[in-house]
Amino acid sequence: MSEEQKTDRRYDLIIWDWDGTIMDSTPTIVDCIQQACRDLGFKEPDDTLASSVIGLGIQDSLRRAVPWIEPAHFPKLTERFRYHYLAKDHELDLFPGIRELLHSLREDGYLLGVATGKSRVGLDRSLKHHQLEQMFHETRTADESFSKPHPGMLLELSDVMQVPMRRMLMIGDTTHDLDMAANAGVDAVAVTYGAHPPSTLKEAPSLTHVDDVSQLATWLSQNLTVKN
């Protein structure tokens with residue numbers, strides 16, 4: 001990348017959430033939370049409550065999704081959730097156009113990262129399944145850092161990749177993503193095709209809201225560089 005290109009760019013590092021942003025997994029995660037509750041005879045959260053916790057680490061997600069059960073039951077609930085999710089994980093698809101968008105950004109010389117509520121094992125399994133292991137320069141998961149909306153994952157990515165916060169952009173589908181970015185002093189873009197609806201996303205700071213991958217690609221093409 002030339003010095004002129006670096007000067008013209010607004011951002012050097014683009015950080016992505018995974019579930020609901022890159023991978024179309026929201027309905028499956030909701031269903032697995034509900035199935036885990038049914039297995040153990042607990043009251044199920046409705047779709048709205050179950051989807052609202054997506055993006056957090058698994059422990060935080062279940063505590064918020066099923067706050068009416070005793071803490072002693074969470075390990076078993078976690079085990080049942082993982083059982084159902086692993087049975088369906090290989091069936092999940094990337095959102096149409098995401099692979100091509102990621103490839104285009106990398107070809108243009110942007111650094112790409114992931115900050116996700118998934119576990120390290122879960123993210124690595126998904127990266128391998130979708131043949132994206134080499135797409136991202138660095139990744140962080142909730143079980144090796146702080147869960148969103150704590151800024152820890154973004155702070156670590158900034159440090160290890162030597163990119164200042166003002167040169168980073170976060171893309172995510174939940175208020176957890178947007179609040180994490182705000183807490184780190186990082187600009188963010190909200191996608192409305194994932195877990196949180198537009199009305200909820202408006203509660204958190206972002207530069208813009210986009211409704212599909214095509215709109216996201218258009219926005220990025222128009223805003224990643226400084227207009228002269």
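**Exercise 1. Identify the partner of lysine 148 and locate the pair.**

Step 1. Lysine 148 forms a salt bridge with aspartate 17, and their closest N and O atoms are 2.8 Å apart. A salt bridge here is a side-chain nitrogen of Lys or Arg within 4 Å of a carboxyl oxygen of Asp or Glu. The model is predicted: local features need pLDDT of at least 70, side-chain atom pairs count only at pLDDT 80 or more, and totals for chains, interfaces and linings use all residues. Residues are numbered from 1 along each chain as its sequence is written, and side-chain values use heavy atoms, with hydrogens and water left out.

Step 2. Lysine 148 lies in the loop between β3 (138-141) and α8 (152-161), and aspartate 17 in the loop between β1 (13-16) and α2, so the pair ties together parts that are 131 residues apart in sequence. Helices (H or I, at least four residues) and strands (E, at least two) are DSSP runs, numbered from the N terminus.

Step 3. Both lysine 148 and aspartate 17 are buried. Buried means under 20% relative accessible area, exposed over 50%, and partly exposed in between (1.4 Å probe, protein chains only).

**Exercise 2. Describe the salt bridge between arginine 125 and aspartate 89.**

Step 1. The side chains of these two residues meet at 2.7 Å, N to O.

Step 2. Because arginine 125 belongs to helix α7 (residues 120-129) and aspartate 89 to the loop between α5 (74-88) and α6 (98-107), the pair ties together parts that are 36 residues apart in sequence.

Step 3. Arginine 125 has a relative accessible area of 30% and is therefore partly exposed, whereas aspartate 89, at 7%, counts as buried.

**Exercise 3. State which residues form a network with Glu79.**

Step 1. Salt bridges link Asp39, Lys76, Glu79 and Arg80 in a network.

Step 2. Between glutamate 79 and arginine 80, the closest N and O atoms are 3.8 Å apart.

Step 3. Glutamate 79 is partly exposed at 33% relative accessibility, and arginine 80 is buried at 19%.
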